[in-house]
Amino acid sequence: MTVSDDTRTSTVDAVVIGAGFSGLYMLHKLRDRMGLTVRVFEAGSGVGGTWYWNRYPGARSDSDSYVYGFTFDEQLWREWEWSERYPEQHEIRAYLEHVADRFDLNKDITFDTRVTGATFDEADNSWTVTTDKGQTISARYLITAVGALSVSNLPDFPGRDSFQGETYHTGHWPHEGVDFTGKGVGVIGTGASAVQAIPLIAKEASDLTVFQRTANYVIPANNGPVPEEIRQARLGNYAGIRERIQQSYFGFELDLLEKGALESTDEEIYSELMPRWEEGGFGIWLGSYVDMFFDDDANAKVRNFLHDRIREKVKDPETAELLIPKGYPFGVKRNPLDSGYYETFNEPHVHLVDVKSNPIAAVTPTGLRLEDGATFEFDAIVYATGFDAMTGPMNKIDIRGRGGQLLGEKWADGPRTYLGLTSAGFPNLFTITGPQSPSVLSNMPVSIEQHVDLVATIIGEVRDRGAATVEPTKEAEDAWVVHNAELVKPTLFETADTWYMGANIPGKPRVFMPHLSFVGPYRAKCDEIVANDYEGFVFDTGRQGALA
Ligand code: N01
């Protein structure tokens, strides 16, 4: 069955929300490998998801490009050539457009359309999905491929809308770009987006002031072209790379050290960490001491190394001290990778303002005012203030399961899922890289492929059994929620105020949202559940309704 864009009421086997990495592969899998009819709704005018919206200067992935893509099709993996170690935003978008063309995906995607609600009809065992363009569509399966970081966080500063200059948010950057030449600019935030944007904004702006609430541990990216011999070696090792990233902890070719920082001398730590620092990338975080995630004394040894590196890079000792993170351990907050971030603060026209001790009190018509009364004037304010992460994109849609229960209400005290993929009372609803899956603590495309494959396997099982629905039992879900809490308990992750904890959004429950068994073990657990007759899931033959 085909559904044309202008059909206002129609029926398909599956609706997918979002046309980023997750939605594109889900569409391909369900339609081309399983023969289902699928309609994808995408709020943007093109494919790309996060890479469609995040066009701020310097936006690029922090994953090495050779592992930042699909691996389900060897030819696709081989034929796409990345120009640098880390792929830049426009290149990732071009890649995803290539994927959409190669598998003829666009014809089943409705662009410029946001899904506003989805209600499960218990009489019919189907989802009724509504959009902001007035469409209504019924589907047996609903797959949210909405990303973990797609709802921007715009702090509600008093007077926010009174500012008469230009206002931007890194997560919704103008497609035509922004020219800051000769302008006075204020940037609020020092997360991964800000760390990438600040060096480039500083190149254009006549004056740049960065408002920092929490300093981050920023690791060198060491970006650049990949040497040809390395590229060729990788091309000759497709199967090995695929296997290794799928079985790894984080979706990279990185292994944690066996010896702990606690058992190591300062000299040993220096000689382990320095090559990783110079190599750049996540090696110093996800490929070094495992005990730093559990023991603050071990963590302090790594922190000391990093503090010294910041002092080496930043000339003004006061600014360096302000840029040195305090009050939380290294590695439990997402570490940005930089290309000249620290060095930017050596420029005379770049200033750093601490808004932890002296918070932003208000936005004024000409700039910002802090609590102590200090004022700043700008031509432009850039909010690099992040996202309502993980649960935010799901809660933004009015998703109602059995008995009309609202998913956002069910999750009022934090997400409740089975495998981060399904939720009891919401039959045939699947979330790609949802909360309580490894997702944001992994190289996303690796997790996305695994999730999509698993969802397709479960849907295949529904069909093979002649069932109408699949959903997790409440017991399986409760156990998964407890398991997630137990995994994080012995670690230091809960000691920091991070978006992993929902701590960046006022009023959001403070719950650690990613799943901490990581990519390989999580995959093994999912495989075990499937092999164990889909343990924790209930398949119900119910009444088949109109959607056989
Ligand atoms: O957002 P963030 P982001 N007053 O939440 C500050 C991924 N990503 O867009 O830390 C003052 O990290 C906030 O302060 P604090 C990546 O996973 C990937 O930068 O909450 N400041 C923080 O400094 C990343 O982690 C890539 O105290 C306020 C900043 O705004 C995630 O996206 C690139 C404030 C927000 O930082 C999010 O990154 C970019 C307030 N009221 C992003 N509210 C790559 O792969 C917030 N802040 C390269």
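This is a predicted model: local features need pLDDT of at least 70, side-chain atom pairs count only at pLDDT 80 or more; totals for chains, interfaces and linings use all residues.
Figure 1. Strand 14 covers residues 367-370 and runs antiparallel to strand 13, to which three bridges join it. These two strands belong to an open sheet of three strands with the order 13-14-15, in which the pairing is antiparallel. Strand 13 (360-363) and strand 15 (375-377) are the edge strands, each of which pairs on one side only. From one strand to the next, the twist averages 20°.

**Figure 2. The pairing of strand 7 with strand 16.** Four bridges link strand 7 to strand 16 (residues 380-383) in the parallel sense. Within this view, Glu166 is placed opposite Ala380 of strand 16.

**Figure 3. Helix 10 and the start of its course.** At the start of helix 10, the backbone nitrogen of Asp297 has a side-chain oxygen of Asp295 within 2.7 Å.

**Figure 4. The buried residues of helix 10 and what covers them.** Which residues of helix 10 are buried? They are Ala298, Asn299, Val302, Arg303, Phe305, Leu306, His307, Arg309 and Ile310. An α-helix has 3.6 residues a turn, so residues three or four places apart point the same way. The cover over the buried residues of helix 10 includes strand 10 (219-220) and several helices, among them helix 8 (266-279) and helix 9 (283-286). Helix 11 (317-323) and helix 12 (341-344) are also included in this cover.

Figure 5. The protein chain has an average pLDDT of 96, and 97% of the residues score at least 70. Over residues 1-6 the pLDDT stays under 50, and the model gives this stretch 10 contacts beyond four places in sequence. For residues 544-548 the pLDDT is likewise below 50. Beyond near neighbours in sequence, residues 544-548 have 14 contacts in the model.

Notes
Residues are numbered from 1 along each chain as its sequence is written. Side-chain values use heavy atoms; hydrogens and water are left out. Buried means under 20% relative accessible area, exposed over 50%, partly exposed in between (1.4 Å probe, protein chains only). Contact means heavy atoms within 4.5 Å. A polar contact is a pair of N or O atoms within 3.5 Å; within protein, one must be able to donate a hydrogen and the other to accept it, and residues adjacent in sequence count only if both atoms are side-chain atoms. pLDDT is the predictor's confidence in each residue, from 0 to 100. Two strands pair if DSSP finds at least two bridges between them. Axes are lines fitted to C-alpha atoms, for helices over the stretch in contact, and angles run from 0 to 180 degrees between N-to-C directions.
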